[in-house]
Amino acid sequence: MDNALRIGLIGGKLGHSYSPEIHALLGMTYPYELREVAPAEIGAFLDTNPYDGFNVTIPYKKDIIPYLCGMSETAARLGSVNTVLRTPDGWWGDNTDYDGFTYMVRRTGYHVRGKKAVVIGSGGVSPTVAAVLSDLGAAPVVVLSHKDNTPEMRSLHADARVVVNTSPVGMYPNNGTSPVPADAFPAMECALDLIYNPFETAFLADARERGCVTESGISMLVAQAKRGAELFTGTDLDDALCDRVTAHMIASRRNLILIGMPGCGKSTVGRQAAKRLGRAFVDLDAEIEAAAGKPIPQIFAEDGEEGFRALEHRVISEVCRRSSLVIATGGGCVTRRENYRPMAQNGVLLWLHRDIAQLPTKGRPLSQKHTPAALYEVRRPLYEAFADTKVDNSETITKAVEQVLAAFSAVPDRLRT
């Protein structure tokens, strides 16, 4: 039984790894432990560790090779190992990143054969990505290292149909950055990003808004883990597991974000929804007040609406880079288009709607300055543009919470729509 096995992951700085959860979701019952190992400790670790097998991440995918008694043909060809098994003859290596990226490409439904591909970044998993693309028939496949990622070099490959980011640019906590300008590859049809936190990087958001096929690195992470689990246990797993586990990983981490008119019940409904989901609740208005050290009416009075909106954007960008939250926004967050990307990168945006006659105005600067009806006419198209779906809150709070939770579960992964 696999619960008799002992499996781990070694690397330089592991932080919070998704791997233990993914292996458990794949049905594995073995313990999956995280071990940070210094470069000078690799030899000693291999001599003394208790594992039957382990995964390898940065920076040891090449460093581990001299310590192995052998490796798979794929690992030898790529010069990179991310899965190590104990054998009677010693440690044996394989590369399941190849399987993971192959699944990621095929999951998109986009056919790369005969298409020019550009791989951004030359370190880590880049050679594996280039090899998979070539094996799937992409041609030519061009790798742009950090020093080659210049306007001049990109212009030489403006006809690329497939672009893959293997660099860490745009990864949490540096959300919102992209390894290339939005218009760098005008012929691009398919954009893949190996980053999985956030689920939708700025690179992928730019590509999706242009109508490209897009895919996040979470699917690759799951698929390479599935192949690793097969190697550890000597069993074959159903390929459909990859889709199910990928969907679970996204659903369990994406934020539930409520937008809507001031007084529509976002905070009340959000708190109860968070309690039902077992998640933390964040009221962005409260976060803004804490950041400013004064209440919102005072911010408007002293700094004006522009000062308030600038602070609101900073708070939204900071809070929404986190995951697994229920977030209630201010009613006017939709008036600044730049707020959409930070919220959408890890979140489902639900427009909580209440009849205008039921909206309170006390303590709400803009609701006092403008009638709710006038404010609604301005903001209605903005809520429609931001929202993934609309939820009614004109009856009981309990019913609104039920509808919010149902809508949250029903909204598909943004990259799959």
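**Entry 1: His157**

I began with His157, which is buried, with a relative accessible area of 13%. The cut-off I used for buried is under 20%, so His157 qualifies. The model is predicted, and I read it as such.

I then looked up where His157 sits. I found His157 in the loop between helix H6 (151–156) and strand E9. Next I listed its contacts, leaving out residues up to four places away in sequence. His157 touches Lys116, Val118, Val142, Leu144 and Phe185.

**Entry 2: helix H7**

E9 came up again when I turned to helix H7, residues 202–209. Is H7 mostly covered or mostly uncovered? I found it mostly covered, with 6 of its 8 residues buried. I noted the buried ones: Ala202, Phe203, Leu204, Ala205, Asp206 and Ala207.

**Entry 3: the largest pocket**

I looked up the volume of the largest pocket and got about 1200 Å³. I counted 36 residues in its lining. Which of them lie nearest the centre? I wrote down Thr57, Ile58, Met171, Tyr196 and Leu221.

I sorted the lining by residue class. I got 16 nonpolar, 17 polar and 3 charged residues.

Then I went by element. Helix H1 (19–25), strand E3 (53–56) and helix H8 (218–233) each supply at least two lining residues. Which element gives the most? It is H8, with 4 residues.

**Entry 4: the nonpolar cores**

I turned to the largest nonpolar core, which has 48 residues. I asked which members touch the most other members. They are Leu256, Ile259, Ile327, Met343, Leu350 and Val404. Helix H12 (residues 296–319) gives the most to this core, with 8 residues.

I found another core, of 27 residues, lying apart from the largest one. Its members include Ile218, Ala223, Leu241 and Val245.

Terms used: Residues numbered from 1 in each chain as written. Predicted model: local features only at pLDDT ≥ 70, side-chain atom pairs only at ≥ 80, totals over all residues. Heavy atoms only, no water. 1 Å grid on protein atoms, 1.4 Å probe; cavity = no way out; pocket = protein on both sides within 12 Å on 5 of 7 lines; lining within 4 Å. Points joined across faces, edges and corners; volume = space filled by probe spheres on them. Nonpolar A, V, L, I, M, F, W, Y, C, P; charged D, E, K, R; others polar. Core = buried A, V, L, I, M, F, W, Y, C linked by side-chain atoms within 4.5 Å. Buried < 20%, exposed > 50% of the residue type's maximum accessible area, 1.4 Å probe, protein only. Contact = heavy atoms within 4.5 Å.
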